[in-house]
Amino acid sequence: MDNLISTVQKAQDMKDEEKLYRYQGVLYPITLCPEEHLKALETLEARADDVLLVAYPKCGFNWMVGVLNKLVSEATGEKREKQGPPLIEFFGPAALKSLDQAPSPRILGTHLHPDNIPRDFFRKKTKMLVIFRNPKDTLVSYYHFSNNNPALPSQTWDSFYSDFMSGDVPWGSYFHHAQAWNNQMDDPNVLFVTYEELKKNLTEGIGQISHFFGFGLTAEQVQKVSEDSTFSAMKKNAASTHHTMASVIFRKGEVGDWKNHFSSEQKEKLDEVFEKELAGTRLGERLRFCE
């Protein structure tokens, strides 16, 4: 986490137009995941017992990192609560070499489109937890995150809304990610959860995640993890887990905050795109919240 914070701070001296670059047609923050990092991922060796968390930016990734750390701690007796966000695209060649020596189970994560996730995870049949959030709240959270994260450019609401709708934001189009993952809905090695479902019944969701990864926790252990994993509890402890980035990463965590930002025209436009891109899909049906 300290290295990540140092990298983010370096971006403070950069102009906004210098902070992003394109790799294979997709925008990425140059200080966090430069080209050498993304190229190095081609050699990443996965393990069948890796715990891989996948999420489009601002869909609940850091929340689920905390949940998985607590689940693994309960299952193994090894405390992991202070482990930072394990985005593999932030790892350079040296970090990936160190990763080879890490004990199992390794908790890893990524914001990458499924087509860009290292193929070895699929070859090894690594189990993946994929979390999605309704696009309206994702857009709002991403907007605030971008404006408060020195590694990303600052924008007006209307400008960011336009870029999000066209997919011209870091890690690419929300809708392209959702379409690609919808094609994996029947993969037994992939578990889909949504931000909204977890907010509605966190204990049930954590029990499902624990069972999927074979952690073998008791109902009492699941309940304990759930009580310690509410968004408010995570935010309260964020200073120790995410240091100076705590307030940037954990903001409101609400369902429906988009109503405080969207104009009626913007809502209508996003609804139209949602219908065009995700109507009739199984994942799309699970993302129909706050309409």
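Trainee: Is the crossing in which helix 3 passes helix 11 left-handed or right-handed?
Mentor: This is a predicted model, so what follows describes a prediction. In it, helix 3 and helix 11 have axes 10 Å apart. The crossing in which helix 3 passes helix 11 is right-handed.

Trainee: At about what angle do helix 3 and helix 11 pack?
Mentor: Angles over 145 degrees count as roughly antiparallel. Helix 3 and helix 11 belong in that class, because their packing angle is about 150 degrees.

Trainee: How many residues in the contact of helix 3 with helix 11 are charged?
Mentor: From helix 3 come Val-67, Lys-70, Leu-71 and Glu-74, and they meet Gln-221, Lys-224 and Val-225 of helix 11. Sorted by type, the contact has three nonpolar residues and one polar residue, and the number of charged ones is three.

Trainee: How wide is the arc covered by the buried residues of helix 11?
Mentor: Helix 11 spans residues 219-227, and its buried residues are Val-222, Val-225 and Ser-226. They sit on the same side of helix 11, because the arc they cover around the axis is only 100 degrees.

Trainee: Which exposed residues are on the face of helix 11 turned away from its buried side?
Mentor: The buried side has cover that includes helix 3 (61-76) and helix 10 (202-213). The face turned away from that side carries exposed residues, namely Glu-220 and Glu-227.

Trainee: Why do the buried residues of helix 7 line one face of the helix, and how wide is their arc?
Mentor: The buried residues of helix 7 are Trp-157, Phe-160, Tyr-161, Phe-164 and Met-165. Looking down the axis of helix 7, these residues line one face because they fall within an arc of 135 degrees.

Trainee: Which helices do the buried residues of helix 7 pack against?
Mentor: Start with the other side of helix 7: the face turned away from the buried one carries the exposed residues Asp-158 and Ser-166. The buried residues of helix 7 pack against helix 6, helix 8 and helix 15.

Trainee: How many residues in the contact of helix 7 with helix 15 are nonpolar?
Mentor: Helix 7 contributes Trp-157, Asp-158, Tyr-161 and Met-165, which meet Gln-266, Lys-269, Leu-270 and Val-273 of helix 15. Of the residues in this contact, one is polar, two are charged, and the number of nonpolar ones is five.

Trainee: Are helix 8 and helix 15 roughly parallel or roughly antiparallel?
Mentor: Helix 8 (residues 174-182) packs on helix 15 with the axes 10 Å apart and an angle of about 30 degrees. Angles under 35 degrees count as roughly parallel. Helix 8 and helix 15 are therefore roughly parallel.

Trainee: Which residues of helix 15 make the contact with helix 8?
Mentor: The crossing of helix 8 and helix 15 is right-handed. On the helix 8 side the contact is made by Phe-175, Ala-178 and Gln-179, and on the helix 15 side by Val-273, Phe-274, Glu-277 and Leu-278.

Trainee: What is the relative accessible area of Trp-171?
Mentor: Trp-171 lies in the loop between helix 7 and helix 8. Its phi is near 75 degrees, a positive value in a residue other than glycine. Trp-171 is buried, because buried means under 20% and its relative accessible area is 7%.

Trainee: Is Lys-58 buried or exposed?
Mentor: Lys-58 is in the loop between strand 3 (51-55) and helix 3. Its phi is also positive, near 65 degrees. With a relative accessibility of 13%, Lys-58 counts as buried.

Trainee: Which residue does a cis peptide bond join to Ser-104?
Mentor: The residue is found in the loop between helix 4 (93-99) and strand 4 (107-110). Omega of the cis bond is about 0 degrees, and the residue joined to Ser-104 is Pro-105.

Trainee: How far apart in space are Phe-145 and Pro-57, C-alpha to C-alpha?
Mentor: Phe-145 is in helix 6 (residues 135-148) and is buried, at 16% relative accessible area. In sequence Phe-145 and Pro-57 are 88 residues apart, while in space their C-alpha distance is 9.5 Å.

Technical notes
Residues are numbered from 1 along each chain as its sequence is written. This is a predicted model: local features need pLDDT of at least 70, side-chain atom pairs count only at pLDDT 80 or more; totals for chains, interfaces and linings use all residues. Side-chain values use heavy atoms; hydrogens and water are left out. Buried means under 20% relative accessible area, exposed over 50%, partly exposed in between (1.4 Å probe, protein chains only). Helices (H or I, at least four residues) and strands (E, at least two) are DSSP runs, numbered from the N terminus. The arc is that of the directions from the helix axis to the C-beta atoms. Contact means heavy atoms within 4.5 Å. Ala, Val, Leu, Ile, Met, Phe, Trp, Tyr, Cys and Pro count as nonpolar, Asp, Glu, Lys and Arg as charged, and the others, Gly among them, as polar. Axes are lines fitted to C-alpha atoms, for helices over the stretch in contact, and angles run from 0 to 180 degrees between N-to-C directions. Angles under 35 degrees count as roughly parallel, over 145 as roughly antiparallel, 65 to 115 as roughly perpendicular and the rest as oblique. A crossing is left-handed if the near helix is turned anticlockwise from the far one by less than a right angle, and right-handed if clockwise.
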